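Open the model in your viewer and keep the selection panel at hand.

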Amino acid sequence: YVCRVLSVDNLVNGYQSEHVNHARLISNELWDDHFDLLIQSARDLPAEQLANASEIPSLHRHVSKLLEGTQILKIKVYDLKGRTVYSTELNEIGENNIDDAGFIAGLRGQNRSELFHYSQLRTFDSKLPDRDLVESYIPRFDPKTGQVSGVFEIYRDATSVLVEVRQRQTLLVGAVIALLVVLYLFVVVVVRQAQKRLITQSHERQKALQALELSE
């Protein structure tokens, strides 16, 4: 259990570091010319109309091309009101996550990551069953003011890595059980030898007492 907890913590922390780099890359490539303009233009739009913003199709193509070949399966971008102004799963655009702990952490300028299991996940153009994902909330800082101007939510597939973690855990549990069996057998042998010595000593003591009685 301790091995699994430490392995998962290392996995989540490692993925979070990579997500920070991905968020920085996406921000450098697309924020000023796409995300910032989208946030500005959608500021007064109702949530149900955000998905119909004219910038979405072009932005979706840019994001898809930028993430091609990576293990990132999904990206969401929130404005400061907690609204999803963009998501690679287009039907999520307009959702409000202002009460989400990850978004709140991002709004405060903090990175936050967690591991989740999805029975089904929708990506750019497909659905994937039974996926373990690391979700990271990464704040985007305005380079001019240093203030948070938006929050990224990045999803990365960790299924294969967790399979390896489970395999290592199985091997570790097997090794521990084997070691305990060996220790148990060793203790049994030691105890039986001790019992034999005690029995031998008891017999010798009885013989000595009997000899003493005959002598007296």
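In what order do the elements of the protein chain run from the N terminus on? The order is α-α-β-β-α-β-β-β-α, with helices (H or I, at least four residues) and strands (E, at least two) taken as DSSP runs numbered from the N terminus. The protein chain has a radius of gyration of 31 Å, well over the 17 Å that the globule rule gives for 216 residues, so it is more spread out than a compact globule. That radius is taken over C-alpha atoms, and the rule is 2.2 Å times the number of residues to the power 0.38.

This is a predicted model, where local features need pLDDT of at least 70, side-chain atom pairs count only at pLDDT 80 or more, and totals for chains, interfaces and linings use all residues. Residues are numbered from 1 along each chain as its sequence is written, and side-chain values use heavy atoms, with hydrogens and water left out.

Show the C-alpha trace: along its principal axes it spans about 115 × 35 × 25 Å.

Next, select Phe 35, Val 77, Tyr 86 and Phe 152. Of the 24 residues in the largest nonpolar core, these touch the most other members. Such a core is a set of buried Ala, Val, Leu, Ile, Met, Phe, Trp, Tyr and Cys residues joined through side-chain atoms within 4.5 Å; buried means under 20% relative accessible area (1.4 Å probe, protein chains only). Color helix 1 (2-41), one of the elements that give two or more residues to this core. Helix 1 gives the most, with eight residues.

Now center on Val 77. Beyond its neighbours within four places in sequence, its contacts (heavy atoms within 4.5 Å) include Trp 31, Arg 83 and Val 151.

Finally, select Val 8, Tyr 15, Ala 158 and Leu 162. They are among the seven residues of another core, which lies apart from the largest one.

Key: Buried means under 20% relative accessible area, exposed over 50%, partly exposed in between (1.4 Å probe, protein chains only).
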